[in-house]
Structure formats: structure tokens, C-alpha cells
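Trainee: Could we go through this structure together, with each term set against its definition?

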Amino acid sequence: MCIWLDAQHKVIAAEEPFRGTLTQTSVYPREIVKAALRLNAAAVIFAHNHPSGLAEPSRADELLTRDLANALAMVEVKVLDHFVVAGSHTVSFAERGLL
């Protein structure tokens with residue numbers, strides 16, 4: 001999920017740009033940047049689920065988030081957080097210092 005925000009951090013849109021399988025999803029930074037520009041967003045909050053029931057971010061989650069943040073920074077869009085949700089458990093990248 002991408003929750004797109006304006007400069008005052010008010011929600012512009014919430015979108016599900018990609019849908020995956022039980023174990024993985026392909027996410028394309030170029031498409032995320034295009035969405036940010038289309039919506040004239042100033043910031044974004046990412047979220048995705050872990051069907052395994054474990055909310056712990058994987059190394060792949062960390063690398064993708066870094067890549068997305070770097071791509072969006074080039075167009076002045078800030079990544080405020082990335083949540084991993086598993087059942088009733090949620091992990092925040094911002095709280096963990098991963099952003």
C-alpha cells in the first residue's frame with residue numbers, strides 16, 4: 001500500500017500499486033515515482049503484509065524501502081514510514097530507525 005500525502009501530511013490517496021503471491025511481490029520504483037508525480041505528493045507511507053504471521057521486516061523489505069526512499073528523494077517526496085503488518089502485529093520502520 002501507498003498512502004500518499006500532501007505537504008501538510010493530509011491524505012491525498014491510498015493505493016495498492018502491486019499485488020503479489022503468498023511469498024513475494026515485485027515492486028518497481030519507477031512506477032512508485034510516477035504515482036507520486038501524478039498525485040503531486042509530498043510524502044508517502046508504505047505498508048505491506050506478511051501472510052506468514054511474522055511482522056519482522058526481511059532484509060529484502062529493508063533494501064526495497066531504501067531503494068524507494070532514494071528514488072523518491074530525487075523528486076522531493078519523503079518516505080515517512082513503512083509498516084509491515086502480520087495479523088494483529090505491526091512493525092514500523094521509522095520506530096526501528098530503518099528510514
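Mentor: Let us start with C2, which stands opposite F46 in β3. The model is predicted, so local features need pLDDT of at least 70 and side-chain atom pairs count only at pLDDT 80 or more, while totals for chains, interfaces and linings use all residues. Residues are numbered from 1 along each chain as its sequence is written, and side-chain values use heavy atoms, with hydrogens and water left out.

Trainee: What makes β1 and β3 a pair?

Mentor: Two strands (E, at least two residues, as DSSP runs numbered from the N terminus) pair if DSSP finds at least two bridges between them. β1 and β3 have 4 bridges, in the antiparallel sense, and therefore they count as paired. Strand β1 (residues 2-5) also pairs with strand β2 (residues 11-15), again antiparallel over 4 bridges, with V11 in β2 as the bridge partner of L5.

Trainee: How do you know that the span of α2 is close to the expected one?

Mentor: The expected span is 1.5 Å times one less than the number of residues; helix α2 (residues 59-73, a DSSP run of H or I with at least four residues) has 15 residues and reaches 21 Å from its first C-alpha to its last, against an expected 21 Å.

Trainee: Why are D61, T65, L68 and L72 called buried?

Mentor: Buried means under 20% relative accessible area, exposed over 50%, and partly exposed in between (1.4 Å probe, protein chains only), and D61, T65, L68 and L72 are the buried residues of α2. They cover an arc of only 65° around the axis, taken from the directions from the helix axis to the C-beta atoms, which puts them on the same side of α2. The face turned away from that buried side carries the exposed residues R59 and A60.
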